[in-house]
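Thanks for coming, everyone. Let me put the structure up, and then we can walk through it.

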Amino acid sequence: QVFSLGDTVVLTVLGEVSFLPVLVLAAKICPEGVEATVFAALMSVFNAGGVASGALGAGLTSALGVGDMVDTDNFDNLFALILICNL
């Protein structure tokens, strides 16, 4: 349990640090006077992509039958799921 919580904390911190260059670029491309509007629009698109990727991942997991509700120990297609998600 400690490993999983520590792993989550480390990955979250590293994810935020790696996202900083994107935030700097987004701030630089915003035209003068409408910085807040353009930045909010860019971040909305980014957040929508995150939601869509989570839904797509859940759909693929369900479609491939990995750990489904009927047979929770079914990992026959786990390799295919990992391969598809990392392409």
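Start with F46. At 46% relative accessibility, F46 counts as partly exposed. Here buried means under 20% relative accessible area, exposed means over 50%, and partly exposed is in between, with a 1.4 Å probe and protein chains only.

A word on the source. This is a predicted model, where local features need pLDDT of at least 70 and side-chain atom pairs count only at pLDDT 80 or more, while totals for chains, interfaces and linings use all residues. Residues are numbered from 1 along each chain as its sequence is written, and side-chain values use heavy atoms, with hydrogens and water left out.

Back to F46. What does F46 form with F19? The two make a stacked aromatic pair, 4.5 Å centre to centre, with 25 degrees between the planes. A search of the whole structure finds 1 aromatic pair. The rule: rings of Phe, Tyr and Trp (its six-membered ring) pair if their centres lie within 6.5 Å; planes under 30 degrees apart are stacked, over 60 edge-to-face, and the rest tilted.

Where do the two rings sit? F19 is in helix 1 and F46 is in helix 2 (residues 35–63), so the pair ties together parts that are 27 residues apart in sequence. F19 is buried, at a relative accessible area of 16%.

Now the overall fold. The protein has 3 helices and 0 strands. From the N terminus on, the order is α-α-α. The radius of gyration is 18 Å, well over the 12 Å that the globule rule gives for 87 residues, so the protein is more spread out than a compact globule. That radius is taken over C-alpha atoms, and the rule is 2.2 Å times the number of residues to the power 0.38. Helices (H or I, at least four residues) and strands (E, at least two) are DSSP runs, numbered from the N terminus.

Box and surface next. Along the principal axes, the C-alpha atoms fill a box of roughly 55 × 30 × 20 Å. Buried residues make up 9% of the 87 residues. The protein exposes about 6800 Å², and carbon and sulfur atoms supply 71% of it. Accessible areas come from the Shrake-Rupley method with a 1.4 Å probe; for residues, only the protein chains shown count as cover.

Which residues make the nonpolar surface patch? V9, V13, V17 and L20 do, over about 350 Å². Patch residues have over 30% relative accessible area and no salt bridge; like charges are joined within 9 Å, nonpolar side chains (Val, Leu, Ile, Met, Phe, Trp, Tyr) within 5 Å. A salt bridge puts a side-chain nitrogen of Lys or Arg within 4 Å of a carboxyl oxygen of Asp or Glu. Take V13. V13 sits in helix 1 (residues 2–29). V13 is partly exposed, at 48% relative accessibility.

Cysteines now. The whole structure has 0 disulfides, a disulfide being a pair of cysteine sulfur atoms within 2.5 Å. C30 is buried, with a relative accessible area of 10%. C85 is partly exposed, at 45%.

L56 lies in helix 2 and is exposed, at 56% relative accessibility. Its C-alpha atom is 9.3 Å from that of C85, 29 residues apart along the chain. L23, in helix 1, is partly exposed at 26%. The C-alpha atoms of L23 and A40 are separated by 11 Å. For G59 and E16, 43 residues apart along the chain, the C-alpha separation is 26 Å.
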